[in-house]
Amino acid sequence: MKKILLYSTVALFALTSCRKEEDDPTDTYTEPETVQVQNSYDDQAIQKFLTAHYLDALGSIRAFSETDPADDNYTKLSEMSPVTLPSGVIYIVRQGAQPDPGTAIGSTDIIRLMSRANSYVAANTDGNVAFIAPFAFKSSIDGAGVPEVDPSYYYVKQSVLDAATADVAKQRSFYEIEGFREALQNFRAFDLSDDSGYNLQGVIIVPSRAAFARDPHYNHAGYSMRNRSVIFNFQVYKTTPRP
């Protein structure tokens, strides 16, 4: 019995703590003493990201080159009418890449999501506040090439919560990225088959306070999401009401 309890405790720790990558640049990162300072860093880093990136012909986020003039005529993300929500989340609706009329995305829907999402830590390095330590969060584009179905960071199944044994794992906030949920419902879904080619419809930037902040969380990506902001570049292929 003691061994069973020990194994259960270890498994829970793996879920809530998440391992750090051996080459994680945040090993030299000093966490701000307060969440308020981290929030300020997030907001400053997001603004820099918006001015340093654009969307290519398929809607993928690209960084402006400092040496190649080929991207000089692209529009900065900061000039693509970004919308800032009270939570600090920013979303961009890519013009000409929306379904017509499309399907409203419900808060409990089963979504089929084609995306490339990366996470970052906003840090102050010698007075320069910017995103560091980029890691892939999820990428169906670079992975299987088909949409991710019913991701728990959008909506976690009730059966998962019911089966959890630890109190923290019974909470939706343990799995769901609230800022992503909030922003995604401002978009409409296509009605595409999984083998359709993608044409990404937008961007959602979730500061750490609207992701997992410094709270315990499910191990979605194989590393800790503490203080990490997430940038989603995506297309909702389909949404259906949950039975």
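**Notes on salt bridges and the cavity**

1. Let's start with D43, which is partly exposed at 31% relative accessibility. Bear in mind that this is a predicted model. The partner of D43 in a salt bridge is R209, with 3.0 Å between the closest N and O atoms. D43 sits in helix α2 (residues 35-52) and R209 in the loop between β10 (202-206) and β11 (228-240), so this pair links parts 166 residues apart in sequence. R209 is partly exposed too, with a relative accessible area of 31%.

2. R209 also turns up in the lining of the largest cavity, together with V35, Q38, N39, S208, A213, R214 and N227. That lining splits into 2 nonpolar, 4 polar and 2 charged residues. The space inside is about 30 Å³, and the count of cavities of 30 Å³ or more is 1.

3. Next, have a look at D56 and R62, whose side chains form a salt bridge at 2.9 Å, N to O. D56 has 17% relative accessibility and counts as buried because the cut-off is under 20%. R62, at 36%, is partly exposed.

4. Then there's K238 with D191, a salt bridge with its closest N and O atoms 3.4 Å apart. K238 belongs to strand β11 and D191 to the loop between β9 (188-189) and β10, so the pair connects parts 47 residues apart in sequence. K238 is partly exposed at 27% relative accessibility, whereas D191 is exposed at 63%.

5. One network is worth a look as well: R172, E176, E178 and R181 are joined by salt bridges that share partners. For the whole structure, the tally is 11 salt bridges.

Technical notes
Residues are numbered from 1 along each chain as its sequence is written. This is a predicted model: local features need pLDDT of at least 70, side-chain atom pairs count only at pLDDT 80 or more; totals for chains, interfaces and linings use all residues. Side-chain values use heavy atoms; hydrogens and water are left out. On a 1 Å grid over the protein atoms alone, a cavity is a set of points where a 1.4 Å probe fits but cannot get out, and a pocket is an open set with protein on both sides within 12 Å along at least five of seven lines; lining residues have an atom within 4 Å of a point. Grid points are joined across faces, edges and corners, and a volume is the space filled by probe spheres set on the points. Ala, Val, Leu, Ile, Met, Phe, Trp, Tyr, Cys and Pro count as nonpolar, Asp, Glu, Lys and Arg as charged, and the others, Gly among them, as polar. A salt bridge is a side-chain nitrogen of Lys or Arg within 4 Å of a carboxyl oxygen of Asp or Glu. Helices (H or I, at least four residues) and strands (E, at least two) are DSSP runs, numbered from the N terminus. Buried means under 20% relative accessible area, exposed over 50%, partly exposed in between (1.4 Å probe, protein chains only).
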